[in-house]
Amino acid sequence: MDTFKKGKWNKAIDVRDFIALNFTPYDGDEGFLCEASERTKAVLAKAEESFEAERMAGGVLDIETKKISSILSWKAGYIYKEKELIFGLQTDKPLKRAVNPFGGIRMSETACKEYGYELDKSVVEAFKFRTTHNDGVFRVYSDEMKAVRSSGLITGLPDAYGRGRIIGDYRRVALYGMDYLIEQKIKDKAKLQAGAMSEESIRLIEEIHKQLSFMQELKAMALTYGDDISLPAKTAREAVQWLYYAYLGSIKEQNGAANSIGRISTFLDIYIERDIKNGILTESQAQEIIDDFVIKLRMVRHLRTHAYNDLFAGDPVWVTMAEAGMTTDNRHMVTKTAYRVLNTLYNLKPSAEPNITILWAEGLPENYKRFTAKVSIDTDSLQYENDDIMRKDFGDDYAIACCVSAMKVGKQMQYFGARCNLPKVLLTALNGGRDEVSGKAVAPKGKAFDEGELDYESVLKAYLSYASWTANLYVNTMNVIHFMHDKYAYERLMMSLHDTKVERLMAFGVSGLSVVADSLSAIKYAKVYAVKNEKGLISDFKIVGDFPKFGNDDERADEIAKFLVEDFYSKIKKVKAYRGAKHTLSVLTITSNVVYGKMTGATPCGRKAGEAFAPGANPMHGRDKCGALASLNSVAKLPYKCCKDGISNTFSVTPDALGKTENDRKDTLVTLLNGYFESGAHHLNVNVLNRETLIDAMENPKKYPGLTIRVSGYAVNFNKLTKEQQAEVIERTFHKRF
């Protein structure tokens, strides 16, 4: 500790100050990187044996059905104890899944049964006397909330599982040690106890009590591996290990979606470069530590139901790791460890996890930009987000939760909230409050539209009215969910690694944006005739004439898409959020665009009933006819100022479109990313491959065991998608020209 520059971080918990004072920007290229060591190869081989056994077992290798997962539920677990440098597994064996019923006991029972297991009677019996998050939610849900949930008008709600999307500041354990962190929490508790006992302060005091108990348990968990984390890390290996213990304890306790690991490489690089300078670590050893750490992150698993996996395909856990970016005083934050992290995609082969996110900025060094482009071209494993626009709101110590959502590390937490199905809102409006598939009343009764030509102004007015009603119900549904999650499934360890008085965000989302934009455009610029079925429901449409479509840099369609997100954001902001949370909005679907489409009838844009939506903010499949740049320009127009939970764009381009040589392709991709983000765009997944490769992989999966692709905000092993999801990916636009 004495070798580091001192500052505010010595007097209070301030990891950002420590980093700003001590990190070393790196402007060079990747020439210093080392290949995987023999030790790393041995550990990786053992891990791959487990991955293969998991595949052969149908996706789940083993489930422990007699224990409830918590920090101290398991004895120490190893992949290859004699060779490992970084220790720790979620359970006692690689890839064995744990049961965490606090979100909902029925979900745990169902998941066990679906994979041929039975949850032990003792666990089921114990939860007869305990209220789960799911129990609490459904005690309060109104009939309207249940109806929109069932119909898919609002879907993917985290009301039966851990909510996730909370990033603990795991770096604090390495920098300060647990004893200091515990001491500070005790002081915070005492200050609250000395003040007025309001409802909020009482709740916070109890939450700190829960945090403190799990902070002690984390120390005990580390001791099972022979490590005392009560004091700060002394070496680079310890810094990685201490940080990983904090993350590991958190995911033992919570099975929420997208328990991201944060922004850690610049922090860890400080320790690594110091040890290399002092002669106690070589470059090869530094890479070994990072390789071993990443292998552990690739082992993370949660027990999920088939229904969950339909929404969030590919068994993802979103261990999102944010890289690079700039400081607020205009220094780039690329370090050698930022390169080492990317090098794991070569040393350990491409993988969906961790979900590596490059915080792209104009001021990043050209060498690093070109290396990230090379990695994207070679592995299809990276996504990019615009640091220049996020830094204005979140400073220079934020990270990415789940797929694309920024938050200040240790300063902010998020209440995650799934998505509103905008095409169903439109169809519900056309059918006067009835679901277009079932015919059930799911919204207030209104005047259903007649068969025949649709009038744009009348349709828009009806849509906006039902969107207002939906937004109001959406916020209140979220308030119920997160009240109950705080009460019955509170993230004790994760929240202990936040400031006690944390700023809360509430993340809402929309799906099917391009479907509604194109539908309204069709009604406005062509002639669209509604067709009713035998139930008296509008179930199909006849389109006469052409119309502008989102994704072609056509202001007529793009302005409609922009208006839709601005309008919905303004509507959710009018409804007070739980615990004073700030409303944010995303245009993001994960892979649930397939499920959303299944639940949704035909739309006025010509999309057929049951057909998948486009992922995230993408144009509908095949409708972006004017080339890659036009497609990117349309998405870039969506305003980040009202979509601060993120605007996901998944971009697929053929290798030849980028150029004939490797250097040409890197140049083109860097130029594309620079231009896209300079225009104010937020996010880009990059896939560089041919459609024929995916078709072959679908038909011959054994030829492509490690094929990784970006989907909507995250990466996935292509073979882990269902045939239906694979087919949807293949149907997406593959740009062959600029």
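Reader: What volume does the second largest pocket have?

Author: About 520 Å³. A pocket is found on a 1 Å grid over the protein atoms alone: it is an open set of points where a 1.4 Å probe fits, with protein on both sides within 12 Å along at least five of seven lines. Its volume is the space filled by probe spheres set on the points, which are joined across faces, edges and corners. This is a predicted model, where local features need pLDDT of at least 70, side-chain atom pairs count only at pLDDT 80 or more, and totals for chains, interfaces and linings use all residues. Residues are numbered from 1 along each chain as its sequence is written, and side-chain values use heavy atoms, with hydrogens and water left out.

Reader: Which residues lie nearest the centre of the second largest pocket?

Author: Lining residues have an atom within 4 Å of a point. Here there are 22, and Arg149, Asp159, Ala160, Ala307 and Leu311 lie nearest the centre. Helices α3, α5 (133-140) and α13 and strand β3 (154-155) each supply at least two lining residues. Helices (H or I, at least four residues) and strands (E, at least two) are DSSP runs, numbered from the N terminus.

Reader: Which residues of α3 are buried?

Author: Buried means under 20% relative accessible area (1.4 Å probe, protein chains only). In α3 (residues 105-114), these are Ile105, Met107, Ser108, Ala111 and Cys112. Seen down the axis, they fall within an arc of 160°, so they line one face of the helix. The arc is that of the directions from the helix axis to the C-beta atoms. Their cover includes β1 (62-68), β2 (96-99), α4 (121-126) and α13 (306-311).

Reader: Where is Gly103 found?

Author: In the loop between β2 and α3. Gly103 is buried, with a relative accessible area of 6%. Contact means heavy atoms within 4.5 Å. Leaving aside neighbours within four places in sequence, Gly103 contacts residues including Asp159 and Ala160. Asp159 and Ala160 are also among the residues nearest the centre of the second largest pocket. The C-alpha atoms of Gly103 and Tyr488 are separated by 7.9 Å, though the two are 385 residues apart along the chain.

Reader: How many disulfides does the structure hold?

Author: A disulfide is a covalent bond between the sulfur atoms of two cysteines. The test is a pair of cysteine sulfur atoms within 2.5 Å. The structure holds zero. For Cys403, the nearest cysteine sulfur, that of Cys402, is 3.2 Å away. Cys403 is buried, at 0% relative accessibility. For Cys420, the nearest is that of Cys643, 13 Å away.

How values were computed: Buried means under 20% relative accessible area, exposed over 50%, partly exposed in between (1.4 Å probe, protein chains only).
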